[in-house]
Amino acid sequence: QQIRNLTNPVVFNFSIPNAVSSNGTFSNVLNYTCASWDFKASGGMGNWIPDGCYTSQMNGTENTTIQIQCRCFHLTNFAVLVDISERISPHNISNTPSPVIDIICTIGIALSLFGLVTTVITHLIIKEIRQKDVSKYHIQLCCALIGMLLVF
């Protein structure tokens with residue numbers, strides 16, 4: 001049974017640490033909302049909803065902490081939903097890989113291919129190794145890895 005429509009609100013205080021940057025702005029917290037969990041929302045999957053809760057900001061106790069106060073008129077599970085998505089500038093995100101990462105990947109792939117080809121050649125040339133049953137599995141595994149490195 002859920003308790004709703006209280007005459008006096010239930011008050012919750014949440015602390016968000018490291019939210020204030022050196023210039024005094026709230027760098028981590030751009031948008032915050034008090035919400036409660038509704039088990040019936042999203043087709044029975046459950047979801048956070050702000051219905052019945054009111055949000056206010058209080059002064060922080062430390063230089064880098066802000067206090068969020070939630071006043072809710074029902075008893076369920078509560079949280080402060082914090083939107084930090086906008087703090088990453090779209091100009092800082094690049095869809096093109098870094099040239100350094102390209103070079104490191106190319107060197108890693110080349111070394112892996114060299115090692116795998118050397119292993120296959122060694123298993124094929126040396127008769128004592130080639131005659132063991134496990135050698136066939138090693139060759140097949142190396143060939144599969146070579147194919148994977150060449151395709152991807």
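**Close-up views of a predicted model**

**View A. Glutamine 69 is placed in strand 6.** This is a predicted model, in which local features need pLDDT of at least 70, side-chain atom pairs count only at pLDDT 80 or more, and totals for chains, interfaces and linings use all residues. Residues are numbered from 1 along each chain as its sequence is written, and side-chain values use heavy atoms, with hydrogens and water left out. Strands (E, at least two residues) and helices (H or I, at least four) are DSSP runs, numbered from the N terminus. Glutamine 69 has a relative accessible area of 12% and is therefore buried (under 20% is buried, over 50% exposed, in between partly exposed; 1.4 Å probe, protein chains only). Its side chain makes a polar contact of 3.3 Å with the side chain of arginine 71 (a pair of N or O atoms within 3.5 Å; within protein, one must be able to donate a hydrogen and the other to accept it, and residues adjacent in sequence count only if both atoms are side-chain atoms).

**View B. The largest nonpolar core has 9 residues.** They are Ile16, Cys34, Cys53, Ile66, Ile68, Cys70, Cys72, Phe78 and Val80. Such a core is a set of buried Ala, Val, Leu, Ile, Met, Phe, Trp, Tyr and Cys residues joined through side-chain atoms within 4.5 Å. Strand 6 (66-72) and strand 8 (78-83) are the elements that give two or more residues to this core; the largest share, 4 residues, comes from strand 6. Apart from this core lies another, of 7 residues, including Leu113, Leu116, Val120 and Ile146.

**View C. Cysteine 70 touches Val10, Val11, Phe12, Phe14, Cys34, Tyr54 and Val80.** Residues up to four places away in sequence are not counted, and contact means heavy atoms within 4.5 Å.

**View D. Serine 42 lies in the loop between strand 3 (31-38) and strand 4 (47-49).** Phi of serine 42 is near 55°, a positive value in a residue other than glycine. Serine 42 counts as partly exposed because its relative accessibility is 44%.

**View E. Leucine 150 is placed in helix 3 (residues 133-151).** With a relative accessible area of 61%, leucine 150 is exposed. The C-alpha atoms of leucine 150 and leucine 113 are separated by 8.6 Å, and the two residues are 37 residues apart along the chain.

**View F. Leucine 124 is placed in helix 1 (residues 99-125).** Leucine 124 is partly exposed, at 44% relative accessible area.
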